[in-house]
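Please walk through this structure with the model open beside the text, beginning at the ligand and then moving on to the helices.

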Amino acid sequence: MTSTALNGAQVTDFELSPELEQFRATVQAFAATHLGAAARYDAEASFPREPVAAAAKAGLLRTTVARDYGGSAMGNLASCIMLEEINAVCASTGVTISVHNSLVNSLLGKWCSEAQKRRWFPKLVTGEWLGAYCLSEAFSGSDAAALRCEAKRDGDRYVLNGAKLWITTGSEAQLFVVFARTGPDRVKGISAFVVEKSWPGVSVGKKERKLGLRGSPTTEIVLENVSVPADCLIAAEGQGFTIALDTLDGGRLGIASQSLGIARAAIELIRTCIADQVDKKGRSTASQPDQWTLADLASDLDAYRMLTWRAAILRDKGVRCSTEAAMAKSCASRLANRAARAAVSVLGLAGATRATAAERLLRDARITEIYEGATDIQRLVIARGLTSPA
Ligand SMILES: Cc1cc2nc3c(=O)[nH]c(=O)nc-3n(C[C@H](O)[C@H](O)[C@H](O)COP(=O)(O)OP(=O)(O)OC[C@H]3O[C@@H](n4cnc5c(N)ncnc54)[C@H](O)[C@@H]3O)c2cc1C
């Protein structure tokens with residue numbers, strides 16, 4: 001190719017636009033102002049109510065909603081940038097926002113009818129209602145198609161029965177996207193519904209006592225003879241599994257960004273600790289192994305952020321990004337674990353106690369490798385994406 005052939009060609013730009021840089025600065029300011037109590041939410045396992053309300057006020061619960069419905073239509077890349085900043089300070093607040101935006105708002109925006117959007121978005125974009133995504137069950141985690149929750153058609157309604165498990169924001173959300181079985185076919189027998197918390201038969205069951213993300217309530221949602229109007233079916237009967245998987249591509253970008261935030265916070269603890277180790281003449285006395293650790297983690301952080309942003313840009317363009325999203329999530333979540341573990345080691349006693357955030361980061365990081373598709377499942381998604389025809 002001649003150099004003239006490249007004239008005017010679009011080159012890849014690794015810099016954010018001034019608008020996105022400004023947005024990042026705004027979210028950083030939000031995090032500095034509202035997320036100072038992250039350690040307390042963790043210690044008390046209490047919901048970060050004030051930060052989530054403040055996030056709603058700041059417009060952070062509507063980034064994936066079109067302007068026609070009160071959203072800011074900022075999209076997936078902006079959401080990823082926002083989630084890295086928030087999760088670098090408080091991962092419990094981060095996952096609440098991620099689920100609301102990337103699993104609930106995105107799903108409704110892509111799959112719901114005009115009337116359905118007009119009905120639910122006014123409450124969701126303002127944060128008056130929080131959303132939750134109800135796919136998992138006792139015998140249906142990685143194997144989502146094994147779900148048993150039943151939706152039986154009865155005239156102009158469906159009657160839902162079953163129990164959903166490990167539902168993020170379960171006790172706080174007012175709107176649930178529920179996946180239930182409308183037919184015997186493992187995949188085509190699954191449909192998606194909007195279920196409101198106030199409806200008879202809907203209740204919040206057991207709350208999990210978790211290792212990490214303790215400020216984010218993870219609960220059972222019990223559905224007992226819940227009468228759901230047929231106009232609360234999302235898209236068409238039998239499309240639930242497609243909707244669930246498509247939505248998880250976006251959700252995984254949220255968790256990849258959460259992982260980047262956790263990793264960044266852990267790396268910053270290591271960096272500060274090493275930078276502080278100097279002799280009287282200002283020469284570093286830090287061990288070489290600690291410096292190598294810092295160098296490797298910081299390099300991986302930058303690389304996996306690019307993986308995450310690549311997938312987000314694809315999704316913003318409407319291009320399927322299952323493989324790219326799985327790459328981003330599996331790499332970033334493993335990095336979060338490595339970085340947090342290293343922070344605890346490098347900081348020693350201060351890392352293993354509540355003197356610093358390191359031990360909380362380690363506990364929070366562990367969950368990023370489990371939810372929205374465990375690491376080994378992500379690796380299968382990637383391998384299938386690479387080996388099966390487009
Ligand atoms: C804090 C938290 C919040 C959650 N929030 C939600 C939520 O809001 N909504 C929701 O629907 N769900 C939620 N979940 C559930 C979550 O998505 C599941 O935990 C996850 O899908 C894994 O399912 P499982 O726990 O049943 O593990 P399993 O499916 O039993 O997997 C256990 C292990 O076996 C491996 N494994 C399983 N099958 C295979 C296979 N075929 N090949 C190779 N390895 C395999 C997995 O990689 C994993 O390491 C949440 C979970 C947690 C921990």
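**The ligand and its surroundings**

In this predicted model, the shell around the ligand is made up, by class, of 13 nonpolar, five polar and three charged residues. Of the 21 residues around the ligand, those that come nearest are Leu-135, Ser-136, Gly-141, Ser-142 and Ala-374. Three elements, β1 (131-134), β3 (157-168) and α13 (375-387), each contribute at least two residues to this shell. Because domain 2 (132-238) and domain 3 (241-387) both give residues to the shell, the ligand lies between them.

Turning next to helix α10 (residues 322-347), one can check its length against what its residue count predicts. At 1.5 Å a residue, the 26 residues of α10 should span 38 Å, and the end C-alpha atoms of the helix are 37 Å apart, which agrees. The helix is also mostly covered, since 21 of the 26 residues of α10 are buried. After α10 comes Gly-348, whose phi is positive, near 65 degrees.

Leu-362 has 23 other C-beta atoms within 10 Å, and because 20 or more make a residue buried, Leu-362 counts as buried. When residues up to four places away in sequence are not counted, Leu-362 touches Ala-340, Arg-341 and Val-344. The C-alpha atoms of Leu-362 and Ala-342 are separated by 9.2 Å, although these two residues are 20 residues apart along the chain.

Methods
Residues are numbered from 1 along each chain as its sequence is written. This is a predicted model: local features need pLDDT of at least 70, side-chain atom pairs count only at pLDDT 80 or more; totals for chains, interfaces and linings use all residues. A residue is near a molecule or strand if its C-beta atom, placed from the backbone, lies within 6 Å of it. Helices (H or I, at least four residues) and strands (E, at least two) are DSSP runs, numbered from the N terminus. Ala, Val, Leu, Ile, Met, Phe, Trp, Tyr, Cys and Pro count as nonpolar, Asp, Glu, Lys and Arg as charged, and the others, Gly among them, as polar. Domain bounds come from an automatic or database domain assignment. A residue is buried if 20 or more other C-beta atoms lie within 10 Å of its own, exposed if 12 or fewer, and partly exposed in between; C-beta atoms are placed from the backbone. Two residues are in contact if their C-beta atoms, placed from the backbone, lie within 7 Å. The expected span of a helix is 1.5 Å times one less than its number of residues.
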